[in-house]
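Visitor: I am new to reading protein structures, and I would like to go through one slowly. Could you take me from the overall picture down to single residues?

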Amino acid sequence: MTEIASTVANAPARAGLSAAGSAAVVRLAAPWIALTVAFAILPAIFTSGSALTVLSLMGIMIVFALSYNMLLGETGLLSFGHAVYYGLGGFLAVHAMNTVIHDRLPVPLPVIPMVGGFSGLLFGIIFGSVSTRRAGTVFAMISLGLGELVASSSLILRGFFGGEEGVSTNRTKLLHIFGLNFGPQIEVYYLIAGWCVLSMMAMYALTRTPFGRMCNAVRENPERAQFVGYNPRVVRFIAFSLAGLFAGIAGGLAAVNFELVNSAEVGAAQSGLVLLAAYIGGIGSFIGPVIGAVLVTWLEVMLSDVTDVWQLYFGLLFIGMVMFAPNGIAGLLMMHAPLWQARAYGSMLRLALAYLVALAPALVLLAGIILTIEMTYRLSVKAFAGTTMFVFRLALDAASPMPWVAAAMLIAGGFWLFRMTWPLVGAAWHDAFTLARATGRTR
Amino acid sequence: MLELVTISTLNGVLYGMLLFLMASGLTLIFSMMGVLNFAHASFYMLGAFFGFQISQIVGFWPAFVVAPVLVGGIGMLVERYGLRYVHRHGPVAELLFTFGLAFVIEEAVQMIWGKGPADYRVPAALDFSAFTVFSTNYPAYKMFELITAVAIFAALFAVLTRTRVGLIIQASLTHSHMVAMLGHNVPRVFMLVFGVGTGLAAVAGVIAGPALVTQSNMAAALGPILFVVVVVGGLGSLGGAFLASLLIGLVQTFAVSVNLSVADVLGGIGVAPPASGILFDLWNVTVAQIAPIIPYLLLVLILIFRPTGLMGMREH
């Protein structure tokens with residue numbers, strides 16, 4: 001609420017600033033220009049074919065995770081069924097593409113994600129009118145129930161959802177514009193990047209409007225939001241519908257990218273993934289879900305190459321974040337913002353050194369955990385492959401006691417050393433902030 | 001027809017009682033912490049797999065006792081070192097913690113026992129037919145499941161309402177500060193309730209494992225139904241959970257035995273079937289096929305028309 005008050009108080013000052021010069025406009029536009037340039041040159045930096053695929057996936061995930069954050073981060077609605085709007089957007093987009101191809105309609109591919117967006121919005125309005133009457137646990141349970149409802153229906157209504165194999169299409173058969181047929185992945189990447197930047201700008205702009213502020217107010221204290229004269233139910237409903245819109249756009253982009261949509265896209269696993277991505281990145285800031293989407297997509301691709309049980313590590317990472325960094329990676333970075341503002345570079349260096357000292361035993365602990373997990377997996381499900389295996393390129397026999405002793409020692413020793421070194425971080429942190437506050441430059 | 005009704009009623013009551021074994025723990029934990037334990041069905045799955053593994057070594061009866069105790073112990077550890085720590089970050093973090101836990105338990109089970117079904121069999125001592133209804137042999141194991149579930153329900157009810165421990169637990173649910181003032185260790189009560197709740201879920205897992213399929217997706221399949229039960233019954237209401245468990249158990253069991261579709265009903269009175277598309281699908285879908293989505297439909301309807309659930313008193 002104080003934030004709203006300060007926004008209102010600052011409004012005249014802001015108006016004066018933008019009228020006074022273009023400096024504010026430049027400051028506002030600079031990050032977006034930088035982002036657009038980054039999206040444009042990324043394929044030139046990561047040139048391999050698989051990198052392009054991963055970058056496309058990241059673009060889709062960024063839109064999806066940001067749309068999720070409109071619910072959880074901005075409005076405080078914890079949804080376990082957000083993939084419904086993503087998946088239904090994808091299905092309607094793929095059906096739209098097939099209709100366009102079949103009837104030879106003059107519709108180019110780049111507008112197809114809009115079909116996904118509008119379907120997401122439509123279903124957001126339908127399901128939102130049912131589920132946003134209440135917030136909190138009840139909302140979470142309804143979203144879970146609706147998610148299961150749609151996921152189960154997708155296996156029954158085979159005509160629309162295409163059963164197990166899903167619905168496929170061919171993106172190159174649509175109307176060609178500017179000589180693009182969207183056969184090569186690079187053209188699809190730029191299509192995704194374009195939609196991603198547009199959606200990001202729209203979603204960011206939305207957080208800056210009075211409506212965005214009301215969403216925050218409803219998240220913090222629905223009763224007081226009501227006293228100001230806004231109906232929390234209506235605010236939640238609008239936020240939910242708009243989140244459906246952007247999730248639908250992401251689903252439409254996925255349909256274009258994969259040329260295939262199946263019933264897994266509306267399922268609980270997809271809903272869980274976007275929750276993980278947004279939360280790991282950090283739901284407290286706009287940049288958080290973007291970080292999370294990039295990291296989670298990258299981990300998904302990279303870890304699944306390295307180990308079969310990558311989802312277990314994924315879950316452990318998530319639990320670790322919930323326990324020790326509830327504001328996500330972005331929250332961890334933001335914690336250091338006051339030091340940066342105070343230009344306390346000396347104490348930042350000392351803090352960085354303390355982090356490095358504590359990091360070493362943490363890595364030892366992690367190595368012990370990884371060793372235990374990999375050896376367990378080798379002895380149980382993957383027993384047919386024999387007991388000799390490679391962990392960190394190190395040959396060992398999982399059936400012999402030695403590696404287990406080593407793993408136990410790594411875990412116990414790493415944990416003990418971490419407990420010993422962590423106070424160093426605490427002390428460095430305390431000193432740094434005392435110094436930073438003394439400069440008076442922190443906010 | 002009468003045979004179908006009798007058998008379905010028996011099966012429905014059995015399924016409902018199994019649901020209640022889990023829903024009771026879930027409801028108690030919710031009343032206590034104000035957080036729905038997303039991983040509750042995962043403890044049920046752990047119970048089934050522990051039961052399977054231990055019965056491989058020492059037989060079914062020791063497993064029937066040891067597995068729930070072990071799982072309850074794990075539950076207590078989770079409460080003591082996980083949930084209690086996360087509590088400071090607020091209710092959303094607590095719910096997400098249990099969500100992550102469900103994810104991790106499923107992956108861990110897959111890592112150890114694989115994705116396929118485990119060969120968890122009905123013990124030989126109970127592998128006979130208890131009685132014959134009309135022409136159907138009703139297995140003794142199902143009677144054993146039913147008796148166990150009812151016995152535990154009775155014991156739980158007696159402990160909660162008739163003993164000192166039950167009194168303290170009931171008081172801690174509503175007036176935890178006052179109970180703490182009186183010198184009781186409320187965090188320990190919470191830990192105990194969490195352990196007993198997860199242990200009850202494990203009992204359900206141990207006895208349901210041989211009858212149903214013991215597989216790594218059993219938690220994900222049952223978890224959402226469990227939430228439907230506690231929400232439909234009314235969050236925090238044990239009586240409501242009991243009613244909703246039986247309701248959903250019966251509805252689902254009866255639904256799978258009804259092989260009727262719109263085509264049968266409307267086609268019988270001479271309405272022409274639609275040509276194709278979604279309507280065609282809906283036309284030919286049988287009640288048995290939509291049985292899996294009936295609980296969720298019920299959930300949505302309940303939340304629209306009676307948001308507090310069947311017996312819920314107030315909003316949390």
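Visitor: How many helices and strands does the secondary structure of chain A come to?

Guide: In this predicted model, the secondary structure of chain A comes to 18 helices and four strands. The radius of gyration of chain A is 24 Å, close to the 22 Å that the globule rule gives for 443 residues, so chain A is as compact as a globular protein of that length. Taken along the principal axes, the box that the C-alpha atoms of chain A fill is roughly 65 × 65 × 45 Å.

Visitor: Which domains does the assignment give for chain A?

Guide: Domain 1 of chain A covers 2-13 + 22-325, and domain 2 covers 337-439, according to the domain assignment. Between the C-alpha centres of these two domains of chain A there are 33 Å.

Visitor: What share of the contacts in chain A joins residues 24 or more positions apart?

Guide: If we take the contacts in chain A with a separation of 6 or more, 80% of them are between residues 24 or more positions apart.

Visitor: What should I look for in the interior?

Guide: The general idea is that in soluble globular proteins nonpolar side chains tend to be buried together. Here, 41% of the 443 residues in chain A are buried. The largest nonpolar core has 194 residues, and those that touch the most other members are B:Met22, B:Tyr44, B:Leu226 and B:Val229. Leaving aside residues up to four places away in sequence, B:Tyr44 touches B:Met22, B:Ala201, B:Ala202, B:Ala204, B:Gly205, B:Ala219 and B:Leu222. Another core, of eight residues, lies apart from the largest one, and its members include A:Ala342 and A:Ala428.

Visitor: Is A:Ile186 buried or partly exposed, and why?

Guide: A count of neighbours decides this, and a residue is called buried if 20 or more other C-beta atoms lie within 10 Å of its own. A:Ile186 is partly exposed because 14 other C-beta atoms lie within 10 Å. This residue is found in helix H8 of chain A, residues 185-208, and A:Ile186 touches A:Pro43 and A:Leu52 when residues up to four places away in sequence are not counted.

Visitor: How many residues of chain A are in contact with chain B?

Guide: On the side of chain A there are 38 residues, in contact with 43 residues of chain B. Elements giving two or more residues to that side of chain A include helix H6 (136-156) and helix H17 (345-379), and the largest share, 13 residues, comes from H6(A). By residue type, the side of chain A that touches chain B divides into 24 nonpolar, 10 polar and four charged residues.

Conventions
Residues numbered from 1 in each chain as written. Chains lettered and ligands numbered in written order. Predicted model: local features only at pLDDT ≥ 70, side-chain atom pairs only at ≥ 80, totals over all residues. Contact = placed C-beta atoms within 7 Å. Nonpolar A, V, L, I, M, F, W, Y, C, P; charged D, E, K, R; others polar. Buried ≥ 20, exposed ≤ 12 C-beta atoms within 10 Å, placed from the backbone. Domains from an automatic or database assignment. Rg over C-alpha atoms; globule rule 2.2 N^0.38 Å. Core = buried A, V, L, I, M, F, W, Y, C linked by C-beta atoms within 7 Å.
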